[in-house]
Amino acid sequence: MKKSELILLYRLLKTPRIIEERMLLLLRKGKISKWFSGIGQEAISVGVTYVLNDDDQILPMHRNLGVFTTRAVDMKKLFCQLMGKVGGFTKGRDRTFHFGLPEKHITGMISHLAAMLPVANGFAMAYQMRSEERVSLAFIGDGATSEGDFHEALNLAAVWKLPVIFMIENNGYGLSTPTSEQYACENLVDRAKGYGIRGDLIDGNDIFAVIDAVEKAASHARNGNGPTLIEAKTFRMRGHEEASGTKYVPQELFDKWAKQDPILKFEKSLSAKKWFNEKFVAEIDNEIKKLVNPAIEFAVDAEIPKSSESDELNDVFCTHKLSQKNPSNSLQSLRFVDAIKEGLSQKMESDESVILIGQDIAEYGGVFKISEGFVEKFGKNRVRNTPTIESGIIGAAMGLALEGYKPVVEMQFADFVSCGFNQIVNNLAKTYYRWNSPLNVTLRMPCGGELS
């Protein structure tokens, strides 16, 4: 790397650490109520964001402050968000990274673990359909790899060869539960083999290792070769969140990982450079603090949001002007299923952003033959069979909708929709309310027993 690149990377790596140190002070003073620390894990967030293109989609988690700072998110707004103040991104409704910034190609998390991995697939599917050389990358912790959405997302990405990267931050603990009680395989990346995808095990505290792995995975994806699962070994130097403490972690682990601090590692790699000295470090720290401290003070002094019932209700639904065709004067009698088929066909003919995804809906035509003949008419790109993954495909529909598509997801039978309940209630239903992004997703759920 050139000197200018190394200096930039060092500044990017130090920025989230300096912010966190200040946030911990504010927490003790009661200025903020909660904090999920990423101290000791900064190399992953910063390395990922540094090496990806600006229009690649990133789906971060609680400890990925470095994603936001590396993508140069407005710091005043960011700190207002984290403190639940006026001027944040969610009107005070969320105080952490539970928000998205479409202009920065960042899609925030919900608290439910692994829920955003299927959404990453939706983004990747959109890029694939448009033949764009873009990728999506979703973060996940070691504990969340036990969740069903993790497995559904990896399976779908593998089957469709989607340009997506799944980044596991394995910091040794799922809250207080050590990895020895979470999974039996030697490494989580071994699961990549089971899904037939590329896997990479890296030192998550080495920013150069992170950059190299993500660069290779992104190139693999852009060339049409499908997803990569990366496991980055790291360590959480503080509690799951500050209130939980760290009594459950043996001191020898802290001693071991303190020597492998990502900033310390980076500084050692720079130690042979003549320009890298105490004066240089102090200058970088001061530069960062001159940007960070005024923004934090602005947020501390910002107003606490006020609301009303009408304000809240007005943000629940997004209103759209619907175009309506003049109805034909000719009438015909159709079975209910045939009317559904005709309506869906007409919409797909008039709007190429409408796509149909679900189980057995392609060549087979669906269990009620609603989509029979659609593959021949609209092509396999817009009429896709999915694996048996209700949650995984509803989550993917969200990513597609955020990219401007209008997915119609067939549940085959209505009662199967319960398997996707979390995606419906906490992603589809709340994204507009939370961060002002409407989602045009249709869930088709055949039900009833009449055979006349």
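Analyst: A crossing is right-handed if the near helix is turned clockwise from the far one by less than a right angle, and left-handed if anticlockwise. In this predicted model, local features need pLDDT of at least 70 and side-chain atom pairs count only at pLDDT 80 or more, while totals for chains, interfaces and linings use all residues. Residues are numbered from 1 along each chain as its sequence is written, and side-chain values use heavy atoms, leaving out hydrogens and water.

User: Is the crossing in which α4 passes α11 left-handed or right-handed?

Analyst: By that rule, α4 passes α11 in a right-handed crossing. Helix α4 covers residues 75–82 and helix α11 residues 278–301.

User: Why are α4 and α11 called oblique to each other?

Analyst: The two helices pack at an angle of about 45°, with their axes 8 Å apart. Angles of 65 to 115 degrees count as roughly perpendicular, under 35 as roughly parallel, over 145 as roughly antiparallel, and the rest as oblique. The α4 and α11 pair is therefore oblique.

User: Which residues of α4 and α11 meet?

Analyst: Met75, Lys76, Phe79 and Cys80 of α4 meet Leu291, Val292, Ala295, Ile296, Phe298 and Ala299 of α11 (contact means heavy atoms within 4.5 Å). By class, this contact has nine nonpolar, no polar and one charged residues.

User: What makes α6 and α15 roughly perpendicular?

Analyst: The axes of helix α6 (residues 148–160) and helix α15 (residues 390–402) cross at roughly 70° and come within 8 Å. The pair is therefore roughly perpendicular. The crossing of α6 and α15 is right-handed. Asp149, Glu152, Leu156 and Trp160 of α6 make the contact with Glu390, Ser391, Gly392, Ile393 and Ala396 of α15. These residues divide into four nonpolar, two polar and three charged.

User: What sets a cavity apart from a pocket?

Analyst: On a 1 Å grid over the protein atoms alone, a 1.4 Å probe fits in a cavity but cannot get out, whereas a pocket is an open set with protein on both sides within 12 Å along at least five of seven lines; lining residues have an atom within 4 Å of a point. The count comes to four cavities of 30 Å³ or more. The largest cavity holds about 60 Å³ of space and is lined by Lys34, Trp35, Phe36, His62, Leu82, Arg95, Thr96 and Phe97.

User: Which residues lie nearest the centre of the largest pocket?

Analyst: Leu322, Ser323, Lys347, Ser350 and Lys406 do, out of 21 lining residues. About 730 Å³ of space lies in the largest pocket. α13 gives the most to the lining of the largest pocket, with four residues. That lining divides into seven nonpolar, 10 polar and four charged residues.

How values were computed. Axes are lines fitted to C-alpha atoms, for helices over the stretch in contact, and angles run from 0 to 180 degrees between N-to-C directions. Ala, Val, Leu, Ile, Met, Phe, Trp, Tyr, Cys and Pro count as nonpolar, Asp, Glu, Lys and Arg as charged, and the others, Gly among them, as polar. Grid points are joined across faces, edges and corners, and a volume is the space filled by probe spheres set on the points.
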